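Trainee: Could you walk me through reading burial and chain interfaces in a model like this one?

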Amino acid sequence: MEPILQLDGVGYHYGSPGDGNDPEWILTGLNLCVNPGEYLAVMGPNGSGKSTLAKLMNGLLTPITGKIRVAGLDPGNDRDLPLIRRKVGMVFQNPDNQIVGTTVKDDVAFGMENMGVPRKQMLIRIREVLERTGLAGLEEASPHHLSGGQKQRLAIAGVIAMQPEVIIFDEATSMLDPTGRREVLEVMGELYQGGTTIIHITHSPQEAIRAERVLVLAEGQPQLDGPPAELFRHREQLADWSLEMPLAAELKERLRCHGMPIREDITGMEELVEDLWTLLSKA
Amino acid sequence: MDIVIQGLTHIYMAGTPYERTALSGVNLKIPSGGYIAVVGATGSGKSTLIQHIAGLLTPTGGQVRVGEVEISPDSRDLSALRGRVGVVFQYPEHQLFEETVAKDIAYGPRNLGLSDKEVARRVEQAMNWVGLPPELSGRSPFQLSGGQMRRVAVAGVLAMQPEVLVLDEPTAGLDPAGRRELLSRIHSLHRERGMTVVLVSHNMEEAARYADQIFVMHQGTGVFEGTPAAVFSRGNQLEEWGLEVPEVAGLTNRLNEKLDPPLPAELLTLEELEREIILRWKRGRPR
Amino acid sequence: MIQNPILGQYVPGDSPLHRLDPRAKLLFVFCFMVVVFLANNGASYGLLAGVTVLAVGLSGVPVWMILRGLKPILYLILLTAILHLWLTRGGGVILEWGPFIIHRNGALQAGWISLRFLILILMGTLLTLTTSPIALTDGLERLLSPLTRIGVPAHELALMMSIALRFIPTLWEETDKIIKAQRARGADFESGGLYKRAKSYLPVLIPLFISSFRRAEDLALAMEARGYRGGRGRTRIRELHWGRADTVSLLILALLTVGLLWLRN
């Protein structure tokens, strides 16, 4: 299978090369392959380059060293950029600062207008994406009156109206309340089921565990990369990068330290509950 | 300073087509030196409530008494509360404005009319309380990391040495380590200095870990008040109020479906759950 | 909470004026403001007043709401009227009281000027009362678009206006929050002289500027990520419909102009 995103030896630093200071490299020689339809969570401490990685993936930034291919296209090439922006959508952290339109409908249309989608087609797609994001009926509402979760779903609606293959969520849940977070995660799950490649940048282990694959980024390099079950066995390493474990994994580790014979490969809540039932009822 | 709230009602833009009732008939008593968490879904009236405690809004109906100061619908001058009630708003780093960290923290104490010497002393003390190294005092607050900016903003409020500290989602946007550190520092100030704390939070784990009372708000009224354990034993009702059941409580409930006798329902933190399970396991194991 | 100034203007509705194309309304009001100056006697002012009353009636907006909007301008009208009463001479004295001498021409001028002022303001108010800010922006963009060839950035201007409309409530709320936060830190915005009061707002203005810049940066990035590359090759979701009523409104304008030319001295 041809990867949808491919990074070869990508390095990036901010600041211009001529300003005298030694540049501080955010990413160095990063290799990464993402296949179509994957659900990848990216975790890492603050300043580990997660957001930079996101911006590199849809051509908002151009790598200083190395190469990026997005669905076979080159973000460094100006002619490819419009197509890359269409194929790779982004949802940002701050719900307020990414809504352009004065009404919900206007905002969903913004990306399509940029692509030159005919009006008739736009109206059909707007109906469809508002339905999918649970915002139907709010077409004429002012974005200002939406809740945080609704604003983020609006941002998602605007992105999926452009029919992208990949959607990057750059800490898109971090400013939401629990309800808003749940709403956004649900939409993300549905998109993944529908075949969209999802890249979810997050601090939260509960969110990361929903992905099929988790990448831990620190000091400009991938530190761990694998399915969540495998990843959350590396408790000490995670602590090194100031990352937390999901509750079930944390509890399992702690109980094992006390000598309780819980299966090592457990990460999910369900399995842990099963195991504890057996152990405690024997008692 | 006891805080007594009676029949508090607040209507925004009263008498216009945009009129909105944010609070209706809220009653609440916060004893001096207490630590209370106000929880509830977005739009339940939490923020409006705490703004009354800080004297930033006048009630539409009812009254708020903070110490000897009474605020009722016709109160005009609320300045008596300035400095005695400190407020840390959501994303407080967005209110920083001075050239240096020290100057920004000094803004509040200076407004209280304190001497230069006293202001300097309080700035130093407040930086120490929030864990900011003294060498940062001459730096521009805008060059700091997000977590450090947050601490500067909190120090700016603490430097006024308020008797009551009101915090609106103080940990929003911080990473887990940053969250824990900020709240445990506030908690130790509460213990050591007897500072009354009112914490507004979405995060039930945080509320449970630090507060001795929890006040649940739903659609502009108080629907429940009690200890964290009492609140979490409410089970399904929590969801009706738009609250998340804390993960630990959720896990305990799941375990209790098949455990006889069940684990105590009021386990709130991971440490407590861990201890109970180990206890149970060791008790049952033949030596 | 501070009252939102934008919310205060537009009154949603479905009156004939509401339904007019914003381009027609803009053209009408713009031309009307010019032809108003043709009137110079009772008959011509009467015609103008008649059209204005008709427009008020067609707008379906309650009269008290329109009058409330006029209140701030009333003093200005009064002041101009008094100046004319006092300073314009000729046509014989009609009233004399100490140093105040009112001439016939003065009284006439004062009356006409006040009426003209009132008519102008009423028409402008009706435009904003019956047209949403975003429709106004659309109308303006379309009207200006022929001028893009001579370098008028019609699309960019319209985009700027609509982004401003989008963010005004957000910034309003933010201002309110910062004011409260600084007040809780003991800020005093009320006492002292003008200089001191202006200075006391710095702790509000600086954070507001910083956050506006941050928002602008975020928004620019978000727009770029959604494929924005300027006005070229864009399609639009908003459309304007020029109907028969719009043509009729411009015909009325033409008739009005002819009428005024005929009736004036």
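Trainee: Is A:Asp106 buried or exposed?

Mentor: The general idea is that buried means under 20% relative accessible area, exposed over 50%, and partly exposed in between (1.4 Å probe, protein chains only). A:Asp106 comes out at 11% relative accessibility, so A:Asp106 counts as buried. Keep in mind that this is a predicted model, where local features need pLDDT of at least 70, side-chain atom pairs count only at pLDDT 80 or more, and totals for chains, interfaces and linings use all residues. Residues are numbered from 1 along each chain as its sequence is written, chains are lettered from A and ligands numbered from 1 in the order written, and side-chain values use heavy atoms, leaving out hydrogens and water.

Trainee: Where does A:Asp106 lie, and what does A:Asp106 touch?

Mentor: Helices are DSSP runs (H or I, at least four residues), numbered from the N terminus. A:Asp106 lies in helix H3 of chain A, residues 104-115. Contact means heavy atoms within 4.5 Å. Leaving aside residues up to four places away in sequence, A:Asp106 touches A:Gly101, C:Ile237 and C:Arg238.

Trainee: How many residues of chain B and chain C are in contact?

Mentor: 25 residues of chain B meet 19 residues of chain C. Buried area is the accessible area (1.4 Å probe) that two parts lose on being put together, summed over both. Here that's about 2200 Å², with 60% of it on carbon and sulfur atoms.

Trainee: Which residues form the salt bridge there?

Mentor: The rule wants a side-chain nitrogen of Lys or Arg within 4 Å of a carboxyl oxygen of Asp or Glu. It finds one across this interface: B:Asp104 pairs with C:Arg185, the closest N and O atoms being 3.0 Å apart.

Technical notes: Helices (H or I, at least four residues) and strands (E, at least two) are DSSP runs, numbered from the N terminus.
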